[in-house]
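Welcome! Have a look at the sequence and the structure below, and then follow the notes, which are grouped by topic.

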Amino acid sequence: MTPTTSLARFLLNGALATLAPAAHAQMFSDQSSSLGLSLSGGPVAWCDANSDGWVDLYCDGALWVNHEGKSFTRVAVLGAGSGVVADLDNDGRGDVISFAPIAVLRNTGDGPDGLPKFEAIKLPELPPTSSRAVAVGDFNNDGFPDLYIGGFEDWDKQSTFPSFLLLSDHAKAFTLAMISADFRARGVTTCDFDENGTIDIYASNYRLQPNVLWVNDGAGKLTNLAAERNALATSAGFGGGHSIGACFGDFDGDGHLDLFAGNFAHVDDRGDQPKSRFLRNLGTTSPDASKAWTFDDLHECGVWYQESYASPACGDFDNDARLDLYFTTVYADASFGKKNYPVLYRNQSEHGGAWTFADVTAGSGVENMPPTYQSSWADFDRDGRLDLATAGRVFRNVGKGGRWLEVRLIGDGVKTPRDAIGAQVRVSLPGGRVLSRQVEVGTGEGNANSPILHFGLGELAADVKLPIEVRWAGGSAGGAKTTREVGVDALITIEQGK
């Protein structure tokens, strides 16, 4: 493709974007001030730090404790910066895992006025690195969460900082189990995509490097099978893309967790670089057995081209039983002075049909957002609608939508971490659709969605009962299972073994 053709395509995509349909009504309202929130611009992680069933918010060394969706109180976490929160010692309190700088801080729970308090956990000697994301999961299936810290780059020296795996010794100490300096990771996220009970890791790599799919053997040994599973998220002629963040989600309602890879992509005299793309998890449905648990690259599916896309996050914001996407940008002005804005995409795919995502940002309440890596979903006020944290603000979902269900999982703290990280919940709908969600800590670039799983259910009767299945992570195919029949428009709690 010539530079002239690339430029024409660039301008055409921008023109088409201006014709995207507007949302029918405002969906989101900035509630930051009324909630007492004053966020910085770094990544955000929703969590339940005090196990009260109300999601709290962590951002750049501050934990914001949620008071029943009405207000938040700030608790400083000294020695921590950008990071996520997970219960590393299975004591019911969320601990802080900071990736910039690298630090782990235990929540002792004995702060003033019943608020959390934190103390540092000593880590082994680590190689110098620069990180933009961490993912948490029980990678060796001993019941305690471990850490995968992505290493980025030293731009001045044109070198790669290492990524590494830290395995937990019952949260009393951590062992450096793996070091890899092959690729420059931006975002890292996790998923048991092949449903064998072990948590795998996906790293989004920059500088036109291939993305990595670390497939886990259940004992913490990781093997990169991105090429074999068709998860590189690139185009012909390129080794990889400029991936910044990725997110796993069941975008087609077939019960398997798919993947969206978000690529920053230049289209100019440097070439037509790989765009963002949806990767459909084929599960075991392919007639070719060798393609089981591989991904089908469906390309953009309506996610129109912007050069500086950054951190994606998926969630069903309108409760229509289809998983939507919010996608931020790095720059306010990209090449050729082209304006770039974060985009809200609604999933308009028909069950079993082609995947189609439409830009519904205009009129939604999150139009004209500034550049940000901050992007994560949670129902912080427990009204059954997903709210959004982005660009230093928290937006309450004020839209209308269908029925909903929210599931809070508590692991047994022995075979499964108390946070139930890696567990998957499937909800069967009338007509054959099966919606799948997972408990994850780490998505996009350095963010984390709520650990309370949210299902939009569409138009159902108020008295309908739905079968659900919980697959706890734990080393065997699908792990231990719990089944229930539940009603709609409710938050339910399921404890493993009870």
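In this predicted model, the side chain of Asp95 reaches the backbone nitrogen of Asn107 at a distance of 2.7 Å. Let's start with Asp95 and then visit another aspartate and a sheet.

**Asp95**
- You can find Asp95 in strand β7, which covers residues 95–100.
- Asp95 is buried but has no salt bridge. The nearest side chain of opposite charge belongs to Arg106, 5.3 Å away, and a salt bridge would need the charged atoms to be within 4 Å.
- Setting aside neighbours within four places in sequence, Asp95 is in contact with residues including Val84, Val85, Leu88, Leu105, Arg106 and Asn107.

**Asp320**
- Asp320 sits in the loop between β26 (309–315) and β27 (324–329).
- Is Asp320 buried or exposed? Its relative accessibility is 18%, so Asp320 counts as buried; the cut-off for buried is under 20%.
- Apart from neighbours within four places in sequence, Asp320 is in contact with Asn347, Arg433 and Gly458.
- Asp320 and Gln348 are 28 residues apart in sequence, and their C-alpha atoms are 9.4 Å apart in space.

**A four-stranded sheet**
- Four strands form an open sheet in the order β20-β21-β24-β25, with antiparallel pairing.
- At the edges are β20 (242–249) and β25 (295–299), each of which pairs on one side only.
- From one strand to the next, the twist averages 25°.
- Strands β21 (residues 258–264) and β24 (residues 277–281) pair in the antiparallel sense over three bridges.
- Ala261 stands opposite Arg277 in β24.

Technical notes: Residues are numbered from 1 along each chain as its sequence is written. This is a predicted model: local features need pLDDT of at least 70, side-chain atom pairs count only at pLDDT 80 or more; totals for chains, interfaces and linings use all residues. Side-chain values use heavy atoms; hydrogens and water are left out. Helices (H or I, at least four residues) and strands (E, at least two) are DSSP runs, numbered from the N terminus. Buried means under 20% relative accessible area, exposed over 50%, partly exposed in between (1.4 Å probe, protein chains only). Contact means heavy atoms within 4.5 Å. Lys and Arg count as positive and Asp and Glu as negative; His and the chain ends are not counted. A polar contact is a pair of N or O atoms within 3.5 Å; within protein, one must be able to donate a hydrogen and the other to accept it, and residues adjacent in sequence count only if both atoms are side-chain atoms. Two strands pair if DSSP finds at least two bridges between them. Axes are lines fitted to C-alpha atoms, for helices over the stretch in contact, and angles run from 0 to 180 degrees between N-to-C directions.
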